[in-house]
Amino acid sequence: MAAVHGGVLGAAYLAGSSPVHRLPPHLKLVAVLGFALVVVATPVHADWAWAAHGGHLALVLLAAAVAGVGPARLARGLAIEVPFVLFAVLLPFVAQGPRVEVAGLALSESGLVAAGGLLAKATLSVLAAVVLAATTEPRALLAGLERLRLPALLVQILMFMMRYTDVVAGELARMRVARESRGFRGRHLGALRVLGPAAGSLFVRSYERGERVHLAMLSRGYAGRLPGGPAPAVPARAWLAALALPLGAAAVLATGLLLG
Amino acid sequence: MSAPPSLLVEDLAFAYPDGHQALYGVDLRVDRGERVALLGPNGAGKTTLVLHLNGILTGGRGAVTVAGLPVQRAHLPEVRRRVGIVFQDPDDQLFMPTVGEDVAFGPRNLGLPEDEVRARVDAALAQVGMTGAAGRPPHHLSFGQRRRVAVATVLSMHPEVLVLDEPSSNLDPAGRRELAEVLAALPVTLLMVTHDLPYALQLCPRSVVLDGGVVVADGPTRELLTDTDLLARHRLELPYGFDPRTVP
């Protein structure tokens, strides 16, 4: 249960007071989204694509440095990219077109380029997202999404997920302790006959909790939307600071397009 | 003319949609500033009665009036401001990401201006001895602290009557005492649903026993708790060694 303590979802956040930490969350969301769009829009087959990605990498590493997010934290964040890597590794083998010999294997040239481009774009976007997650508390992210006019229902669902992940994880852990205290070992296929109903009962418990939470909300005047706090005005300077990342990336892309 | 009673329940009967009848004509009057314990065995209809007080359940026979205001669909927002219910599991009550936002939830639903909301949050947290906890997520608090914050979430709505469902359940003795100190100091009408008879005696001069969907006894808590026949008839039991006559 120790793993649960302190919050499963809060784990990505690094407390700090860097300029990036202090930026309003919705600006950071816009910045990361804009950066990812520019990175994705960079043409894979252009000769200068790698130079442009190098420029993008420099920008996102600069942002990480300003935010005080270290290389170890960035590397750990990249773990989420692993499925993309697996897919990218397959591309040179399955793609059509002229082949090149690499270490005794005949690989598709266009497949190699596509795989490289995919990896580079995914890595750059994930790095930007890691900086966002490390400098923004989960609930601030929600406030940001709300300010960006994400439908209120979606924000509420995300908020409840955030609040109750730990509660449900706690229930799951207690159920596991109760099972194992009576000699259960979940190491063979037959264990599924026990684990299936356990999952079902966790679902029923969570569903019933949802009903009780809804009652508690109604009792305090809930009428369909969550009342937000005040939304402070955002100075132009903050916009400029946040948009430096996507604008810089766009400048790199524009340079490539003009000179290439 | 004196103030209307905080709670007036008249001939309230209710059956759930599945046909199970939970209340068979309940009458209850709680005057302003009274502290009343609602006792009764499991299945007596206590929770059903509580859910009628703020209009979550309606549609049976009889009427509920809160400080002169009938509980009807048209008045629900005001009724829910006047009747603050603290549910048993604080994890059900505290659903916002931080304590401060949760205490602000009710006042913001009332449409209060933001500086008034902030003042009420600070005052409510101070009343339950949780000043300074506003920025903390609920799952970082101890169970007793969460229970007290849950009380603050309804205090911030300035309720006419505070309704507590099993306030002492799952608390350790220190948490139980701390909550009792908080509750005893609150200047509101209190209705406390509980199985914890010593707690009822400590906090509530008057008790009401509900069983089988009707009120079967209503009187000074000490009198009811020394009536062994009454307790036995309604599955109420004092803890081992507890004698209501020798408690101050």
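**Chain A and its side towards chain B**

UniProt, in an unreviewed entry, places the feature "transmembrane region" at residues 50-70, 77-95, 115-136, 148-165 and 238-259 of chain A. Those positions follow the numbering used here, feature names are shortened, and such annotations may be inferred rather than shown by experiment.

This is a predicted model: local features need pLDDT of at least 70, side-chain atom pairs count only at pLDDT 80 or more, and totals for chains, interfaces and linings use all residues. Residues are numbered from 1 along each chain as its sequence is written, while chains are lettered from A and ligands numbered from 1 in the order in which they are written.

Take two of the annotated stretches. Residues 238-259 of chain A are 100% helix and 0% strand, with end C-alpha atoms 31 Å apart. Residues 77-95 of chain A are 74% helix and 0% strand, and their end C-alpha atoms are 29 Å apart. Helices (H or I, at least four residues) and strands (E, at least two) are DSSP runs, numbered from the N terminus.

Now the contact side. In all, 23 residues of chain A are in contact with 25 residues of chain B (C-beta atoms, placed from the backbone, within 7 Å). Helix H8 (152-181) and helix H9 (192-219) of chain A each supply at least two residues of that side of chain A. H9(A) gives the most, with eight residues. By type, the residues on this side of chain A are 13 nonpolar, four polar and six charged. Nonpolar means Ala, Val, Leu, Ile, Met, Phe, Trp, Tyr, Cys and Pro; charged means Asp, Glu, Lys and Arg; the others, Gly among them, count as polar.

How values were computed
Two residues are in contact if their C-beta atoms, placed from the backbone, lie within 7 Å.
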